[in-house]
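Hi,

Here is the structure I promised to pass on.

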2 protein chains.
Amino acid sequence: MAGERLMTYSVPLIAPSFPAAEDMDGDYRDILDSGRFSNFGPFERAFRAALEDHVGQSVSAVTFSSATTALQAAMLACVDRGSAARDVLVPAFTFPAGPQSIAALGFTPRFVDIEPVGLHADPDAAARILKRDQVSIAGIVIGNSFGTGAHHISAWEDLAGEFDVALIIDSAAGFGSAYEDGTALGARGTCEIFSFHATKPLAIGEGGAVLTRDPDLAERLRRISNFGLDDDGVARLPGLNGKLNEFAAAIGIRQLAGLEADIVRRRAVHDAYRTAVADVDFQRNAERSALGFVSLVLSHGTDRDAVVGDLAARAIEARRYYAPAVHRSDLFAGGAPLPVTEDIEGRVISLPSHRGVTPAVVEAVAEAISARRS
Amino acid sequence: MAGERLMTYSVPLIAPSFPAAEDMDGDYRDILDSGRFSNFGPFERAFRAALEDHVGQSVSAVTFSSATTALQAAMLACVDRGSAARDVLVPAFTFPAGPQSIAALGFTPRFVDIEPVGLHADPDAAARILKRDQVSIAGIVIGNSFGTGAHHISAWEDLAGEFDVALIIDSAAGFGSAYEDGTALGARGTCEIFSFHATKPLAIGEGGAVLTRDPDLAERLRRISNFGLDDDGVARLPGLNGKLNEFAAAIGIRQLAGLEADIVRRRAVHDAYRTAVADVDFQRNAERSALGFVSLVLSHGTDRDAVVGDLAARAIEARRYYAPAVHRSDLFAGGAPLPVTEDIEGRVISLPSHRGVTPAVVEAVAEAISARRS
């Protein structure tokens, strides 16, 4: 199965590190002593508080078993199911989970093109759909692509406000990233969704969270994550099971403690790529990102697949996110063409940023890209 | 929040026990060594195989992060979203997760009454809805209430076959239970859903599984649990994130090893209640159940709430599942009356069955029920 490949590379794209066994042994004994294994036990509450402290800006955090479950919950909480509008605006240059969640919940993804600088959904393209074509939408799900904060996030907030729909921001890879004004991701739009999958900068195996400045929404989301139950055990809200168990929360607390130091190291790797690799476009604002990996756009004429192959031959893993873009899959085919998406998906390449990336690896990447430039 | 109460009872309804810390320390070190934290790693594969071995009957198991996520996946796989029919048949005497999942995925729960002997959805009541009222349905979700195998499961299979819709069986509390013919739960209908929540007989904190005799369906479900991705990383199926992480799978393997001995003890407690408590109806076929707790129906005229209160005063926890029944909640109100459900929900009481239930506890329960019989 895809998603987490066998590590046959000496420099894989992702190399997660996890807490020491002796630390987790102590946490496990504490869990046994508490008799609480899930349902908002002491580790979940502490992890939630630590997420809030880390992001600041008075956000409330709601933990989830995965970012996708978090996204489903956010849609149940924020997207009007009684509305006649069934379309939800979403980029096609994204992981399939967003469009799939929209479809699973009975809505229709309405794909919007990206802009070529940040690689995020383009608010101008959205305005054309909403104003020129007068498409009615029930909500908006955009991504902070590759965990990098979109430079035009205010334009999206304005657009969502103008059309009175929720703006759900998929910041899956972005815990620890900042917007261009220096504020941490997590406090924009109606809410932001984060992933703590093993491949993410803040890795706990499987897990996720919703962060929002709206404490009432956070409380609703917490209930939705536990079957919509009120304190009396009666379900009065829509619901699912999105609860993060205590073991996962314990890992999260320990991983969060090491996150900032890890990001400093990753940013140094990013700087090294910027210095060494010529004639490519780095993603705008990536220098403020958590940088689970480094993504760049090769020049027209560079053979991207050959670069990936050359690096694989040197045991360095590079990947092609997100190719093919979601709107070209059989699941969702049939929408309008997305020219920027279709250009970028053939040129973007994602490179490792972890501590295994030595100066020699950076040099090998630069050489491989240079060699395949026509 | 409801769902897992603070244990202020000396005999709580549920008293989960978990693997020893030294065992889990070894497993955690193995996970660190493998570098695999989720996405069908070695512990998940071993747990899946152990589930299949335990149930036999050539079933295939697909693990999930929760039973509710498993149910969502089963609905994505088996319930025709292109059909004009939007109703899904489901009992109201059930945990809200089933009806909520149906609603979340854009369908409408069509509530069916239960029968008073097994407390399961009644196939005769369903036949009236389908044949007399000619209601069109997209699928059927029934429950093996309290984990006890329904004695009329064949009638449900016949009905689903006649109307050519999937029969998804919510066996959440039933891992380790058997049908009346002695075969283990897990091999009936289109598929069966199991929960491994901390409160269930096979407790891993949060987790679940789908079991099915159809290996192609199992493979589809496994892909759906990982965003519908094919081996090439392209999503060609609907999808969500339902993956069970390696830590949870490791706990599951150890818990499964102790399950049968635990069930033997629980069945002895059930026998003791049967001997001691007069003038009540025990659930049919409960003697073949995993018996996470023991449920019985008090006689008309017994004050159920007073019994619960009297037991609480003696620090023994009893609960009122499922009251109020789901069709009377504001979420779903407006359907037809369900006379059997509305009678049973006022009389059913669930009692602890774990190793803390001494003969004195059984005696106290019998006395409390007898004292409140009018």
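Let me start in chain B, where strand β5 (residues 167-170) and strand β6 (residues 191-195) run parallel and are joined by 3 bridges. Within that pairing, B:I169 has B:E192 of β6(B) as its bridge partner. Strands count as paired if DSSP finds at least two bridges between them, and the helices (H or I, at least four residues) and strands (E, at least two) are DSSP runs numbered from the N terminus.

Before going further, the housekeeping: this is a predicted model, so local features need pLDDT of at least 70 and side-chain atom pairs count only at pLDDT 80 or more, while totals for chains, interfaces and linings use all residues. Residues are numbered from 1 along each chain as its sequence is written, chains are lettered from A and ligands numbered from 1 in the order in which they are written, and side-chain values use heavy atoms, with hydrogens and water left out.

Back to the chain B sheet. It is an open one of 7 strands with mixed pairing, in the order β1-β7-β6-β5-β4-β2-β3. Its edge strands, β1 (60-64) and β3 (108-112) of chain B, each pair on one side only. From one strand to the next, the twist averages 25° (axes are lines fitted to C-alpha atoms, for helices over the stretch in contact, and angles run from 0 to 180 degrees between N-to-C directions).

Two helices lie across strands here. Helix α7 (residues 215-224) of chain B lies across β1, β6 and β7 (208-212) of chain B, at about 15° to β1(B). Contact means heavy atoms within 4.5 Å.

Over in chain A, strand β5 (residues 167-170) has both faces covered: A:L167 and A:I169 are buried on one side, A:I168 and A:D170 on the other. Buried is under 20% relative accessible area, exposed over 50%, and partly exposed in between (1.4 Å probe, protein chains only). β5(A) pairs with strand β4 (residues 137-143) of chain A in the parallel sense over 4 bridges, and A:V141 stands opposite A:I168.

Strand β1 (residues 60-64) of chain A has 5 of its 5 residues buried. Its pairing with strand β7 (residues 208-212) of chain A is antiparallel, over 5 bridges, with A:T63 opposite A:A209.

Now helix α8 (residues 246-257) of chain A. Its 12 residues reach 17 Å from first C-alpha to last, close to the 16 Å expected at 1.5 Å a residue (the expected span is 1.5 Å times one less than the number of residues). In α8(A), 9 of the 12 residues are buried, and these pack against α1 (21-34), α2 (42-55) and α9 (259-276) of chain A together with α8 (246-257) of chain B.

What about disulfides (cysteine sulfur pairs within 2.5 Å)? For A:C191, the nearest cysteine sulfur is that of A:C78, 4.7 Å away. For B:C78, the nearest is that of B:C191, at 4.8 Å. B:C78 counts as buried because its relative accessibility is 18%.

Last one: B:T341, in helix α11 (residues 339-344) of chain B, is at 0% relative accessibility and so counts as buried. Leaving out residues up to four places away in sequence, B:T341 touches B:F93, B:D113, B:I114, B:A325 and B:H327.

Cheers

Methods. A disulfide is a pair of cysteine sulfur atoms within 2.5 Å.
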